[in-house]
Every structure is written in structure tokens, then in C-alpha cells.
Amino acid sequence: MLRERAKLEDSSDGGNVSILDLIKLKNPVWKWPLIISIVLISNQQLCGINAIMYYTTELFVQAGLDDNTISIATVGIGTVTTMMSIVTILNVDRLGRRFFLLASYSLMTCATILLTISLTSSGAAWSYLSILFVYLFIFGFSPGPGAMTFVVIPELWTQGPRPAAMAFAGQFNWWSNFTVGLAFPFMLEGLGGYSFLVFTLFLFLTVVFVYFIVPETKNKTFTEIVTSFQQNRFTSSKKIDYIEIGNR
């Protein structure tokens with residue numbers, strides 16, 4: 001049973017927390033917040049968003065669309081992104097963080113499967129449906145990985161280790177971005193229309209991870225979040241029998 005010490009010190013004084021302290025898990029309660037931060041921020045890129053953003057034209061050429069249609073379809077991507085950003089802002093505190101993450105990653109998993117079918121099927125109808133499936137992917141990305149990643153991660157940390165955690169996790173975001181941007185042209189050349197099945201795997205695994213591991217952070221203190229880890233059979237640890245943390 002998790003027991004909190006009576007004296008809870010305000011963690012805003014923990015400004016000396018370094019990235020090395022974080023990696024070494026100087027405080028054992030940082031373990032799951034760190035794992036979740038790395039997984040969420042990495043999969044924001046490994047989901048394949050920049051394969052679409054960087055190579056939209058090549059993707060639609062693969063689908064067999066003409067230049068004029070490709071130009072119009074590309075503009076639509078920005079429109080969908082803007083619309084969903086507004087929807088997210090209006091509903092994030094009503095529906096919660098987990099809802100957006102689970103719904104978004106699930107929708108994107110379906111979208112990549114449908115996009116694969118459209119890219120590997122013949123016929124003009126499938127070519128135009130590929131536009132719809134790309135929009136569906138963007139529709140899913142914007143509220144979940146696009147927005148909630150940078151809402152959930154800061155909420156997992158108290159003020160002390162938060163700067164180091166955000167800086168450390170940010171490195172995974174950029175390296176994942178670099179990897180996808182570098183690898184996708186070779187994937188498209190080698191796998192053709194089946195390229196997005198690679199992202200389908202990452203998306204499905206992220207759905208499972210969020211469902212079983214990521215807690216709801218809306219209106220939760222750090223103490224409550226750590227307690228939720230102890231109550232979760234997948235993240236509980238018998239080694240932690242008390243915590244020295246501060247209220248936010």
C-alpha cells in the first residue's frame with residue numbers, strides 16, 4: 001500500500017534536477033512518467049505523420065492522382081488540421097486526455113489500413129479515396145498525438161523535474177522525426193503502397209500502451225497520478241512504499 005509521508009515538500013524548489021538525475025531515476029517515482037513521456041513523444045512521429053506531411057505529393061502520385069487534384073488535396077490537409085485544433089481546444093477539459101489519445105490513435109490505425117488498401121488497389125475511385133483516408137489520418141492526429149502529447153507529458157511531472165523531463169523527451173521527438181523523414185522515401189520505394197503498414201504497427205502498439213499504462217491526468221495532482229501507477233497492476237512497484245513529493 002502506497003503511504004505518503006506527512007511532510008510534503010513543494011517540488012518547485014527542485015530546480016537542480018538534471019537530465020542525468022532523471023536518467024538515473026534519482027527519485028523512483030519518476031520511472032513511469034519518464035517511460036510514458038518517451039513513448040508518447042516518440043510515437044507522435046513514429047505514427048507516420050511526417051511521412052504524410054513531408055511526402056504528400058509523392059504519396060498522391062503513388063495513388064495515381066493528377067497534379068491539379070494533388071494541389072487541391074494538399075491544401076485540404078491544412079484545413080483539416082486547423083478545424084480539429086479548434087475542436088480539441090473546446091473539448092479537452094470536458095472529454096479528458098485519455099479519450100483523445102485512445103480515439104486518435106485508434107482512428108489513425110484504421111486510417112493507415114484503409115490508406116494501404118487504397119494505395120494497393122486499382123481504379124480511379126481508390127485514387128480519390130486515398131485523399132479521404134489521408135484526411136482521416138490527419139483528423140485523428142490533430143487532437144491526440146498532435147495536441148495531447150504536449151498536454152499529458154507536463155502534467156506527469158512536478159515543477160522540479162519538468163524542465164529536464166521535457167528537454168530529455170524532446171530529443172526522442174526530434175530523432176524520431178529525423179528517422180521517419182529519412183527512411184520513408186526508401187520505404188515508399190521498397191514497399192510501395194504497403195509502406196503505411198509499418199506505421200500501423202506502431203499505432204496499434206500505442207493504443208495498447210495508452211489503454212493499459214497511461215493514466216488520466218485531467219485535474220489530477222502528481223500525488224494522485226503516482227497513486228494511480230501503484231493501483232495499476234501493469235505499473236505497480238512493491239519497491240516504492242512511500243513518496244516524498246510536493247503538491248503542484
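# Helix packing and buried residues in a predicted model

Q: Is the crossing of helices α2 and α8 left-handed or right-handed?
A: A crossing counts as left-handed if the near helix is turned anticlockwise from the far one by less than a right angle, and as right-handed if clockwise. Helices (H or I, at least four residues) and strands (E, at least two) are DSSP runs, numbered from the N terminus. By this convention, the crossing of α2 and α8 is left-handed.

Q: What must be kept in mind about the numbering and the values of this model?
A: This is a predicted model, in which local features need pLDDT of at least 70 and side-chain atom pairs count only at pLDDT 80 or more, while totals for chains, interfaces and linings use all residues. Residues are numbered from 1 along each chain as its sequence is written, and side-chain values use heavy atoms, with hydrogens and water left out.

Q: At what angle do the axes of α2 and α8 cross?
A: Axes are lines fitted to C-alpha atoms, for helices over the stretch in contact, and angles run from 0 to 180 degrees between N-to-C directions. The axes of α2 and α8 (residues 144-155) come within 10 Å of each other and cross at roughly 160°. That makes the two helices roughly antiparallel, since angles under 35 degrees count as roughly parallel, over 145 as roughly antiparallel, 65 to 115 as roughly perpendicular and the rest as oblique.

Q: Which residues of α2 meet α8?
A: Contact means heavy atoms within 4.5 Å, and on the α8 side the residues are P145, G146, T149, F150, V152 and I153. The residues of this contact divide into six nonpolar, four polar and no charged, where Ala, Val, Leu, Ile, Met, Phe, Trp, Tyr, Cys and Pro count as nonpolar, Asp, Glu, Lys and Arg as charged, and the others, Gly among them, as polar. On the α2 side, the residues are S37, L40, I41 and Q44.

Q: How many residues of α2 are buried?
A: Buried means under 20% relative accessible area, exposed over 50%, and partly exposed in between (1.4 Å probe, protein chains only). Helix α2 is mostly covered, the number of buried residues among its 16 being 13.

Q: How far apart are the end C-alpha atoms of α2?
A: The expected span of a helix is 1.5 Å times one less than its number of residues. The 16 residues of α2 (residues 31-46) should therefore span 22 Å, and this agrees with the separation of its end C-alpha atoms, 22 Å.

Q: Which residues does S104 touch, leaving out those up to four places away in sequence?
A: S104 is found in helix α6 (residues 97-119), and because its relative accessibility is 3%, S104 counts as buried. With those sequence neighbours left out, S104 touches G140, P143, G144 and P145.

Q: How far is S130 from G64, C-alpha to C-alpha?
A: S130 belongs to helix α7 (residues 124-141) and counts as buried at 1% relative accessibility. Beyond four places in sequence, S130 touches F60, A63, L65, L115 and S118. S130 and G64 are 66 residues apart in sequence, and their distance in space is 9.7 Å.

Q: Is N219 buried or exposed?
A: N219 lies in the loop between α10 and α11, and its phi is near 60°, a positive value in a residue other than glycine. Because its relative accessibility is 70%, N219 counts as exposed.
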